[in-house]
Amino acid sequence: MKLLAGLRSALRVHHYSPRTEQAYAGWVRRFVRFHGMRHPAELGPDHIVGFVSWLAGECRVSAATQTQATSALLFLYREVLQRDVGRLPGILRARQPRRRPVVLTREEVAGVLGELSGTPKLVCGLLYGSGMRLLEALRLRVKDVDFGAGEIVIRRGKGSSDRVTMLPETIRAPLGAHLRSVQALHGRDLAAGAGRVLLPGALGRKLPHSDREWPWQWVFPATRCAILGDSGLRGRHHLHESVIQRAVRRAVLASGITKHASCHTFRHSFATHLLEDGYDIRTVQELLGHRDVSTTMVYTHVLNRGGLGVRSPADRFPGVLLSQKGP
């Protein structure tokens, strides 16, 4: 489909991530099917409004999903079809629920980590110890871990921006041992004619053969070699996120925690525990990579104990409430 080929080309020119490319192409397909397989060039703003309103009203998608679909279609018309659709009045907006993030106590974090082992435990240790998102951790390259400075550079995180976070002291030794085993694996891959990774942007052309160099390798490589993209060359992708997600799910159940915890809960817990320890919210904002401090403010809820910090009057007479009157 030439339309999708043009969409992918435009997304790559603007340096959108492969996942965004996949998602935007999916929304364009659904938009075309929704309007009876008509070409988007034949459609206009009213058709966009009808589609995204249908997503909210009939499909009951979340506000974030509706926003992504709208962004995909606006990008299509602006960058591919070269049409300005202007404002889109009359859209039925999906409700944006106000949810508090799930946060584990320090004891619960220790309990979940205690149920993990191997690479999943190391990855989750980084999530909790440095506040990274799961994909940010899995996309780390060897060159981005600075043991000397005690820092980790996160490249092209959410919003395509770089940031620096800390390398926890407790992670140094196990991460160093892990990297030594990965380097040995890389050596075996090179000997077998593989040992390559995908490089960002045009670096593959600018730095020939760098895809086989140790600094560019994934910190957490996949367990099997595969064909990389359209190159036809054998190498390794990074470890798939589902491997860690399944391990965390099993660990949460085994630990007996009743909270709906996931990999991202470690990031929530990291931010909340730093604020509990008295660190400045601006510092936490920088470590998390939030553009606006208001996003980080959501973690201040844990600083208010119980019902917004109010002590229940029932707690003044615990003995009375706990005692039972005899027969």
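Met 37 is exposed in this predicted model, with a relative accessible area of 57%; here exposed means over 50% relative accessible area, buried means under 20%, and partly exposed lies in between (1.4 Å probe, protein chains only). Met 37 sits in the loop between α2 (18–34) and α3 (45–57), where helices (H or I, at least four residues) and strands (E, at least two) are DSSP runs, numbered from the N terminus. Although Met 37 is not a glycine, its phi is positive, at about 65°. Arg 60 belongs to the loop between α3 and α4 (63–80), and it counts as exposed because its relative accessibility is 70%.

Residues are numbered from 1 along each chain as its sequence is written, and side-chain values use heavy atoms, with hydrogens and water left out.

Two glycines can be followed next. Gly 26 is part of helix α2 and counts as partly exposed because its relative accessibility is 23%. Its C-alpha atom is separated by 9.4 Å from that of Leu 4, a residue 22 places away along the chain. Gly 235, in turn, lies in strand β5 (residues 234–235). With 0% relative accessibility, Gly 235 counts as buried. The C-alpha atoms of Gly 235 and Val 197 are 5.6 Å apart, although 38 residues separate the two along the chain. Leaving aside residues up to four places away in sequence, Gly 235 touches Ala 194, Gly 195, Arg 196, Arg 224, Cys 225, Ala 226 and Leu 228, a contact being heavy atoms within 4.5 Å.

Attention now turns to the interior. In soluble globular proteins, nonpolar side chains tend to be buried together. A nonpolar core is defined as a set of buried Ala, Val, Leu, Ile, Met, Phe, Trp, Tyr and Cys residues joined through side-chain atoms within 4.5 Å. The largest such core has 35 residues, and Leu 175, Phe 220 and Ile 244 touch the most other members. At least two residues of this core come from each of α5 (106–114), α6 (118–130), α7 (134–138), β2 (151–154), α8 (169–191), α10 (241–255) and α11 (263–276). What does Phe 220 touch, not counting residues up to four places away in sequence? Its contacts are Thr 119, Leu 122, Val 123, Leu 126, Ala 137, Leu 138, Leu 175, His 178, His 238 and Leu 239. A second, separate core holds 28 residues, among them Ala 10, Val 49, Ala 69 and Leu 76.

Strand β2 also takes part in a sheet. Strands of a sheet pair through backbone hydrogen bonds, either parallel or antiparallel. In this model, three strands make an open sheet in the order β1-β2-β3, with antiparallel pairing; two strands pair if DSSP finds at least two bridges between them. The edge strands, β1 and β3, each pair on one side only. Strand β1 (residues 145–146) is joined to β2 by two bridges, and Val 145 stands opposite Ile 152. These two strands form a hairpin with four residues between them, and Gly 150 in the turn has a positive phi of about 70°. On the other pairing, four bridges connect β2 to β3 (residues 163–166). Val 153 has Val 164 as its bridge partner in β3, and Glu 151 has Met 166.

On a 1 Å grid over the protein atoms alone, a cavity is a set of points where a 1.4 Å probe fits but cannot get out, and a pocket is an open set with protein on both sides within 12 Å along at least five of seven lines; lining residues have an atom within 4 Å of a point. The second largest pocket holds about 350 Å³ of space. Its lining has 16 residues, of which Gly 125, Tyr 128, Gly 129, Pro 168 and Thr 170 are the closest to its centre. Helix α6 gives the largest share of this lining, with five residues.

How values were computed. This is a predicted model: local features need pLDDT of at least 70, side-chain atom pairs count only at pLDDT 80 or more; totals for chains, interfaces and linings use all residues. Grid points are joined across faces, edges and corners, and a volume is the space filled by probe spheres set on the points.
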